[in-house]
Amino acid sequence: MMQIIHYSVMKDEVLTHLVPFQENGAVVDCTLGEGGHAEAFLETYPELTVVGVDRDEELLKRAGERLEHYGSRFLGVHAWFDDFLSSYPGDFPRPQGILMDLGISMYHYEASNRGFSFLAEEALDMRLDVSQRLSARDVVNTYDERRLADIIYQYGEERYSRRIASAISRARHIRQITQAKELRDIVYFAVPAGYRRGRIHPATKTFQALRIAVNSELSRLSRGIDAAVSLLSEHGRIAVISFHSLEDRIVKHTFRRYAGKAPGDDPLLQQYSERPMLRLVTKKPLIPESEEVTQNPASRSAKLRVAQKLQEPQEGRYETD
Ligand SMILES: C[S@@+](CC[C@H](N)C(=O)[O-])C[C@H]1O[C@@H](n2cnc3c(N)ncnc32)[C@H](O)[C@@H]1O
């Protein structure tokens with residue numbers, strides 16, 4: 001029996017808000033991971049089909065093993081979720097629910113051996129899809145200093161991004177940076193001493209930024225939500241769990257735009273305010289109960305937003321590609 005490493009976040013809240021309205025309907029779990037949320041759906045609704053998507057083949061395999069006994073009620077797909085939702089196969093059931101539980105799983109930190117954690121003695125890699133060319137090692141050793149600083153600033157919201165990029169640039173002149181631990185130490189010594197004593201390790205944000213850049217996480221998220229809104233059945237729901245402010249901002253703004261409540265400079269605002277495509281189910285994001293945070297501290301930054309599809313896109317106006 002496979003050992004499950006990941007603890008699924010806000011499972012009860014997801015089940016409460018993402019209720020398929022037909023007993024034999026379908027839900028797409030865009031971020032299958034080890035299949036915890038998928039299993040909860042399959043257990044709760046005995047006639048439901050779950051389409052589970054993950055770009056990490058190792059995770060897809062692990063979830064496939066866990067969910068094997070559900071037979072054809074579980075369909076595993078190896079894909080980036082934005083690509084998959086944008087060209088959803090015609091012979092797959094149209095979903096009444098779409099779930100995104102963003103980021104990476106505990107498996108990635110603890111067992112993938114791909115340098116996601118700055119605590120591990122592992123090669124600097126951070127690819128979800130190991131067949132992809134670009135890895136964290138390439139970004140760190142080949143991007144020019146300014147681009148590196150921008151990535152660390154934009155995707156890590158790291159205020160010492162310039163100092164860190166400059167230290168990386170100096171270190172790689174001497175020799176290539178190949179290990180997660182080497183990068184951690186470079187960041188540690190690049191930042192002011194006071195910052196080293198902060199609540200989080202000084203390399204946390206730099207590691208987050210590199211992971212986002214390597215896997216194009218934020219552009220995939222926007223594109224994925226657009227495609228999900230098009231694909232959902234009328235009255236279907238989309239639920240997104242985010243783990244940091246960059247993700248949550250995209251979810252919040254995209255949902256609000258489709259609900260006709262977006263900021264004024266959005267050219268589609270008028271269109272959606274006259275004919276909204278989504279209704280916001282959660283006006284404010286839901287957060288985990290304190291017991292969940294105690295049991296699983298990694299859930300402490302989770303935010304769940306849910307919206308419901310109101311109507312089909314008008315012909316040719318809401319296509320994502
Ligand atoms: C937080 S984990 C999901 C955990 C899962 N809900 C569970 O209960 O076990 C996120 C998963 O989504 C995958 N992932 C992240 N972004 C993706 C994307 N754009 N397309 C496909 N898979 C993605 C990661 O490989 C990871 O396995």
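This report describes the overall dimensions, the sheet and the helix packing of a predicted model.

## Basis and overall dimensions

Because the model is predicted, local features are given only where pLDDT is at least 70 and side-chain atom pairs count only at pLDDT 80 or more, whereas totals for chains, interfaces and linings use all residues. Residues are numbered from 1 along each chain as its sequence is written.

The protein chain has 15 helices and seven strands, where helices (H or I, at least four residues) and strands (E, at least two) are DSSP runs numbered from the N terminus. Along its principal axes, the C-alpha trace of the protein chain spans about 60 × 55 × 40 Å. The radius of gyration of the protein chain is 20 Å, which agrees with the value near 20 Å for a compact globule with 321 residues; this radius is taken over C-alpha atoms, and the globule rule is 2.2 Å times the number of residues to the power 0.38.

## The sheet

Seven strands form an open sheet of mixed pairing, in the order β3-β2-β1-β4-β5-β7-β6, two strands being paired if DSSP finds at least two bridges between them. The edge strands, each pairing on one side only, are β3 (74-78) and β6 (278-280). Neighbouring strands of this sheet are turned by 20 degrees against each other on average, direction ignored.

Strand β5 (residues 237-242) and strand β7 (residues 303-309) run antiparallel and are joined by six bridges; A239 has V306 in β7 as its bridge partner.

## Helices on the sheet

Helix α2 (residues 36-44) packs on the sheet and touches β1 (26-29), β2 (49-54), β3 and β4 (97-101), its direction making about 175 degrees with that of β2. Here axes are lines fitted to C-alpha atoms, for helices over the stretch in contact, and angles run from 0 to 180 degrees between N-to-C directions. Helix α3 (residues 57-67) lies across β2 and β3, and runs at about 170 degrees to β3.

## Packing around α7

Helix α7 (residues 145-156) packs with helix α8 (residues 161-174) at an angle of about 140 degrees, their axes being 8 Å apart. The two helices α7 and α8 are therefore oblique to each other, given that angles under 35 degrees count as roughly parallel, over 145 as roughly antiparallel, 65 to 115 as roughly perpendicular and the rest as oblique. In this contact E145, L148, A149, I152, Y153 and G156 of α7 meet S161, R162, I164, A165, S166, I168 and S169 of α8, residues being in contact if their C-beta atoms, placed from the backbone, lie within 7 Å. By class, the contact of α7 with α8 has seven nonpolar, four polar and two charged residues, where Ala, Val, Leu, Ile, Met, Phe, Trp, Tyr, Cys and Pro count as nonpolar, Asp, Glu, Lys and Arg as charged, and the others, Gly among them, as polar.

The axes of α7 and helix α11 (residues 204-214) come within 8 Å and cross at roughly 100 degrees, which makes α7 roughly perpendicular to α11. From α7, I151, I152, Y155 and G156 meet K205, T206, Q208, A209, I212 and A213 in α11; the residues of this contact divide into six nonpolar, three polar and one charged.

## Packing of α12 with α13

Helix α12 (residues 217-231) and helix α13 (residues 245-258) have axes that come within 10 Å and cross at roughly 30 degrees, and α12 and α13 are therefore roughly parallel to each other. Residues L218, L221, S222, I225 and V229 in α12 meet L246, E247, I250, V251, T254 and Y258 in α13, and the residues of this contact divide into eight nonpolar, two polar and one charged.

Terms used. Contact = placed C-beta atoms within 7 Å.
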